[in-house]
Amino acid sequence: MRILISNDDGYLAEGIKVLTKYLSIDHQVVVVAPSENKSAASSSLTLDKPLKPTKINANTYSIDATPSDCVHLALCGFLKDKFDLVVTGINFGPNLGDDVIYSGTVAGAIEGRFLGLPSVAFSLASWQGEHFETAGKVAQQIVNQIHTSQLSHDTVLNVNVPDVPIEQIKGFQTTRLGKRHMSEPSIQDKEDSSLYWIGENGKEADNGVGTDFHAIDNNYVSVTPLQIDLTKYNEIDTVSKWLSHIN
């Protein structure tokens, strides 16, 4: 396969280097990734200025842009070759539960799906970042089997890998997204009281059996199929009745 690789940590991040190494064993890969860290960029696109891809080597390009920008330009712009798959990551840190709303890594995969390609996002689910090699080997296993899947056209796979040696991985689990509590309060800057830092993610709230949180806590690779349609279908009738009373 010919695979487009991107991320949100930047083209120099350890995770994308490990991902490229393992996927290059069996496939042709091209890396198009942000020039610097763009974590939590979500699905934002840069529309207020033109973007310039910079060629780093034969198969690597960096762009001062978001992950969605990178995938979009690679598939719709400056690269003429066709791709079979979009793979993003390996993210430094988890993308579990509500994290997927903000994640640039997940957003890059979503952009790939928007543009018609099967897409997978990989994350190393800790902030220690000790075992990227484990996530690389897991990515290799999953990508080498992706052609056998019967996934629908609008599915994105969100994969989180425990930060442990490969021999401690107990297996794979298909999971649903868990949920977090509200974010921690914003933090006032120590040097300038007029400035604030966004607070940390909330702690795990829904982390029971079947969730991505539970799988990671028990050393299983979590594989969550995501859908793009955010419509809450069971509320359509309720909203319609409410709207009918507005004059």
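Phe-92 is partly exposed, at a relative accessible area of 35%. Here buried means under 20% relative accessible area, exposed over 50%, and partly exposed in between (1.4 Å probe, protein chains only). The model is predicted: local features need pLDDT of at least 70, side-chain atom pairs count only at pLDDT 80 or more, and totals for chains, interfaces and linings use all residues. Residues are numbered from 1 along each chain as its sequence is written, and side-chain values use heavy atoms, with hydrogens and water left out.

The whole structure holds 3 aromatic pairs. Rings of Phe, Tyr and Trp (its six-membered ring) pair if their centres lie within 6.5 Å; planes under 30 degrees apart count as stacked, over 60 as edge-to-face, and the rest as tilted. Phe-92 and Trp-127 make an edge-to-face pair, with 5.7 Å centre to centre and 70° between the planes. Phe-92 sits in strand S5 (residues 85-92) and Trp-127 in the loop between strand S6 (119-124) and helix H5 (132-145), so this pair ties together parts 35 residues apart in sequence. Helices (H or I, at least four residues) and strands (E, at least two) are DSSP runs, numbered from the N terminus.

## The cluster

Trp-127 is exposed, at 57% relative accessibility. The rings of Phe-92 and Phe-132 have centres 6.2 Å apart and planes at 55°, so that pair is tilted. It links distant parts of the chain: Phe-92 in strand S5 and Phe-132 in helix H5, 40 residues apart.

Phe-132 is buried, with a relative accessible area of 5%. Phe-92, Trp-127 and Phe-132 form one aromatic cluster.

## A buried charge

Glu-111 lies in helix H4 (residues 104-114). Glu-111 is buried but has no salt bridge. A salt bridge needs a side-chain nitrogen of Lys or Arg within 4 Å of a carboxyl oxygen of Asp or Glu. The nearest side chain of opposite charge is Arg-113, 12 Å away. Lys and Arg count as positive, Asp and Glu as negative; His and the chain ends are not counted.

Leaving aside residues up to four places away in sequence, Glu-111 touches Ser-68, Val-71 and His-72. Contact means heavy atoms within 4.5 Å.

## A nonpolar patch

Val-239, Trp-242, Leu-243 and Ile-246 make a nonpolar surface patch of about 410 Å². Patches are made of residues with over 30% relative accessible area and no salt bridge; like charges are joined within 9 Å, nonpolar side chains (Val, Leu, Ile, Met, Phe, Trp, Tyr) within 5 Å.

Val-239 lies in helix H7 (residues 236-244). Val-239 is partly exposed, at 36% relative accessibility.

Conventions. Areas by Shrake-Rupley, 256 points an atom, 1.4 Å probe, with all protein chains shown as cover.
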